Amino acid sequence: MVVIIPDEPPTGAWKTQKVEDIPDAMEPSTIYVVGSPPWAVVFLCPCGCQGRVNLSLLGSHPRWTLEEHEDGTITMSPSINWTTGCKSHFWLRRSRIEAC
């Protein structure tokens, strides 16, 4: 007998929400995928500094790639490395924050 278990977001995954525009107010632990087709990903810095992380998916530099998974989670590459402010450096994999 084969049991098929549906894909579910991994434990500790942040909520992913698709929006048409960048929200004025953002919720903690929420990743906003902006536009259709997506042109940006934004969220509050996971370190708690309340900084807004804006990741462009367009041809500008730097530019990230977005992978959307069937369970509703996302993966971004390359890693996110703030060179100013809190200087956070992390990966966003399957909507989970992983320290570098």
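A contact is a pair of heavy atoms within 4.5 Å. Among contacts in the protein chain between residues at least 6 apart in sequence, 31% join residues at least 24 apart.

The structure is a predicted model, in which local features need pLDDT of at least 70 and side-chain atom pairs count only at pLDDT 80 or more, whereas totals for chains, interfaces and linings use all residues. Residues are numbered from 1 along each chain as its sequence is written, and side-chain values use heavy atoms, with hydrogens and water left out.

**Confidence and overall architecture**

The pLDDT is the predictor's confidence in each residue, from 0 to 100. Its mean for the protein chain is 89, and 89% of the residues reach 70 or more. Over residues 1-6 the pLDDT is below 50, and this stretch has zero contacts in the model beyond near neighbours in sequence.

The secondary structure of the protein chain consists of zero helices and eight strands; helices (H or I, at least four residues) and strands (E, at least two) are DSSP runs, numbered from the N terminus. The order of elements from the N terminus is β-β-β-β-β-β-β-β.

Of the 100 residues in the protein chain, 34% are buried. Buried means under 20% relative accessible area, exposed over 50%, and partly exposed in between (1.4 Å probe, protein chains only). The accessible surface of the chain comes to about 6400 Å², and 52% of this belongs to carbon and sulfur atoms. Accessible areas come from the Shrake-Rupley method with a 1.4 Å probe; for residues, only the protein chains shown count as cover.

**Salt bridges**

The structure holds four salt bridges, each defined as a side-chain nitrogen of Lys or Arg within 4 Å of a carboxyl oxygen of Asp or Glu. Three of them, including the accessibility of each partner, are given below.

| Glutamate 68 (40%, partly exposed) | Lysine 18 (61%, exposed) | 3.1 Å |

The bridge between glutamate 68 and lysine 18 links distant parts of the chain: glutamate 68 lies in strand S5 (residues 65-68) and lysine 18 in strand S1 (residues 15-19), 50 residues apart.

**Cysteines**

A disulfide is a covalent bond between the sulfur atoms of two cysteines. The criterion applied here is a pair of cysteine sulfur atoms within 2.5 Å, and the structure holds zero disulfides. Cysteine 47 is in no disulfide, its nearest cysteine sulfur being that of cysteine 49, 3.6 Å away. Cysteine 49 is likewise in no disulfide. Cysteine 47 is partly exposed at 44% relative accessible area, and cysteine 49 is partly exposed at 38%.

**Nonpolar surface patch**

Ile22, Trp39 and Leu58 form a nonpolar patch on the surface, with about 250 Å² of accessible area together. Patches are made of residues with over 30% relative accessible area and no salt bridge; like charges are joined within 9 Å, and nonpolar side chains (Val, Leu, Ile, Met, Phe, Trp, Tyr) within 5 Å. Isoleucine 22 lies in the loop between S1 and strand S2 (30-34) and is partly exposed, with a relative accessible area of 32%.
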